[in-house]
Amino acid sequence: MYAGTYEKLSAFYNQRKEDIVNEWSEKNRHVQSDSDNNNVINNKVMELLLKKVFCDQECNDDVFMVLAHEAIQSRRISSFNIGDFVYSIKTGREVTQKYLFQINATENEMRIYIQQMNDCFDKFLYFAVSFYSENQNQIIKEKNQFIDSTHKDRLTLLGQMTSSFIHEFRNPLTSIQGFIQLLKSDYPNMKYLDIISNEIEQLNFRISQFLLLSKKELIGKEKVNFPLNELISEVLNFLYPSILDSKVKIIKENHTKEVFLCGYKDEIRQVLINIIFNAIDVLTPESKNPTIEIILKNINDTKVQIDIANNGPEIPANLVQTIFEPFFTTKTLGTGLGLFVCKEIIEKHRGTLTCESQKSRTVFSIILPIQEQSN
C-alpha cells in the first residue's frame, strides 16, 4: 500500500474510530455480558484490530497471533461461546466495510482497503479459533483425566472392599467343607452330603471369580506345567451332577497328542468350568438333543485350540462381543463377571478367547500356548 493511500486510510480512522467501535459494540450488544471479561470481544480488542486494518501497512502473522491469544485468554473458556465470537467478528467486518465505503477513494484504493480489511479479520479469526480449540481440547483432556482418575480410585477401593468381604465369606466355607469331609468319613452312607459339597464348590468358584478381579488370588501362587486332557476330565467330573441333571450329552474329540500347558491350573480350570456351565445353562430340558462338544486340536507346534460348542439358541450378533464386558449379563441372577474373568485369565496366559454364534451352534474358542516337555 503506497504512502498516500495509507495516510488517507489512517487519517479517516483517527476521525471516525469512536463511531466505528461504538457501532460494532452496539451490534454485538445481544451477545455481550455485563462483565467486560466475559464479553465475546471487548472494546480494547476491537480497537487494536481496527488499528491494524486502518493504520498498519503489513498484516504480520505474529501480531495477529498475539492479539487473538489475548482475546481468547481474557475470556473464561468454559463459558465462552465460539459461535458468538465468530458472529462478532463477522459483524465487525461488516461495520468496517460500511465505513470504508465512506472514504473518498479511487476504485483501486478501495480494492486495497477491502483486501487489507479481509486479510486482518481472516488472520485474527483463524488464530483466535485455533487457540480456542487448543484450550477446549486441553480442558476436555484434563476433565477426562480427572474422571479416569476418580473412576480408577473408586474401582480400587471397591476391589479392596470386595476382596476383604469375599475373604470373610471364604473362611467359613472352608470350615464347612472340612466338616463335610469329616461327616463323609464317619458316615459314608449319609444322604445329600455330595450335593452339599458340590453346591459349596460352586459357591467357592463364584467367590474365586471376584477374587481374580482384584488379582489377590495370585499372591503366593506359582505357575505349573499340567496336562490339558487330565484337566478337562477333572472339569467334566466336577460338573457331572449338573450334566446329569440337565440331560446334556457331552461329546469330546481329541485331535492332539498329549498337550501340556504352563500357568495357573486352577484359573484355567475355572475358565473351562464357567464356559461349560454356561453351555449347560442354555441347554434346557426342552432343547432338542442338548449337546456340548469339546474339541481339542493343534494349531501348530506351539498352540492348542479348545472349542466348546453347544447347540443352544444363537447369541445375537450385537451381543457376541458385549458378552465379554464386565457386568453384562442376560441372566436374571447373573453377575456379568463370568466371561469377563475368563477372557482376563486366558489373555493373562498369552492366549485368546473368542465366540462365534450361529443358529443352533455357539462355539467358544480358547487358544493357548503349549508348554514343551523335556525328554
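Two strands count as paired here if DSSP finds at least two bridges between them. Helices (H or I, at least four residues) and strands (E, at least two) are DSSP runs, numbered from the N terminus. What you're looking at is a predicted model, where local features need pLDDT of at least 70 and side-chain atom pairs count only at pLDDT 80 or more, while totals for chains, interfaces and linings use all residues. Residues are numbered from 1 along each chain as its sequence is written, and side-chain values use heavy atoms, with hydrogens and water left out.

**View 1. The mixed open sheet, strand by strand.**
Five strands line up as E2-E4-E5-E7-E6 in an open sheet with mixed pairing. Ignoring direction, neighbouring strands are turned by 15° against each other on average; axes are lines fitted to C-alpha atoms (for helices, over the stretch in contact), and angles run from 0 to 180 degrees between N-to-C directions. E2 and E4 (residues 291–298) run parallel and share 7 bridges. Look for glutamate 253, whose bridge partner in E4 is isoleucine 295.

**View 2. Strand E7 and its two antiparallel partners.**
On one pairing, E5 and E7 run antiparallel with 8 bridges between them; here asparagine 310 stands opposite threonine 362 of E7. On the other, E6 and E7 are antiparallel over 7 bridges, and glutamine 358 has arginine 361 in E7 as its bridge partner. The E6–E7 hairpin has 2 residues between the strands, and serine 360 takes a positive phi near 65°. Of the 9 residues of E7, 7 are buried, so this strand is largely enclosed by the rest of the structure. Buried means under 20% relative accessible area, exposed over 50%, and partly exposed in between (1.4 Å probe, protein chains only).

From H9, Glu267, Ile268, Val271, Asn274, Ile275 and Asn278 meet Gly338, Leu339, Cys342, Ile345, Ile346 and Lys348 of H11.

The whole structure has 6 aromatic pairs. Rings of Phe, Tyr and Trp (its six-membered ring) pair if their centres lie within 6.5 Å; planes under 30 degrees apart are stacked, over 60 edge-to-face, and the rest tilted. Tyrosine 13 and phenylalanine 54 are stacked, at 5.0 Å centre to centre and 15° between the planes. They're 41 residues apart, tyrosine 13 in H1 (residues 3–27) and phenylalanine 54 in H2 (residues 43–55). Both are buried: tyrosine 13 has a relative accessible area of 3%, and phenylalanine 54 has 0%. Tyrosine 126 and phenylalanine 127 are edge-to-face instead, with 5.2 Å between centres and 65° between planes. Tyrosine 126 is exposed at 53% relative accessible area, whereas phenylalanine 127 is buried at 13%. Ring pairs also link Phe12, Tyr13 and Phe54 into a cluster.

Technical notes
Contact means heavy atoms within 4.5 Å.
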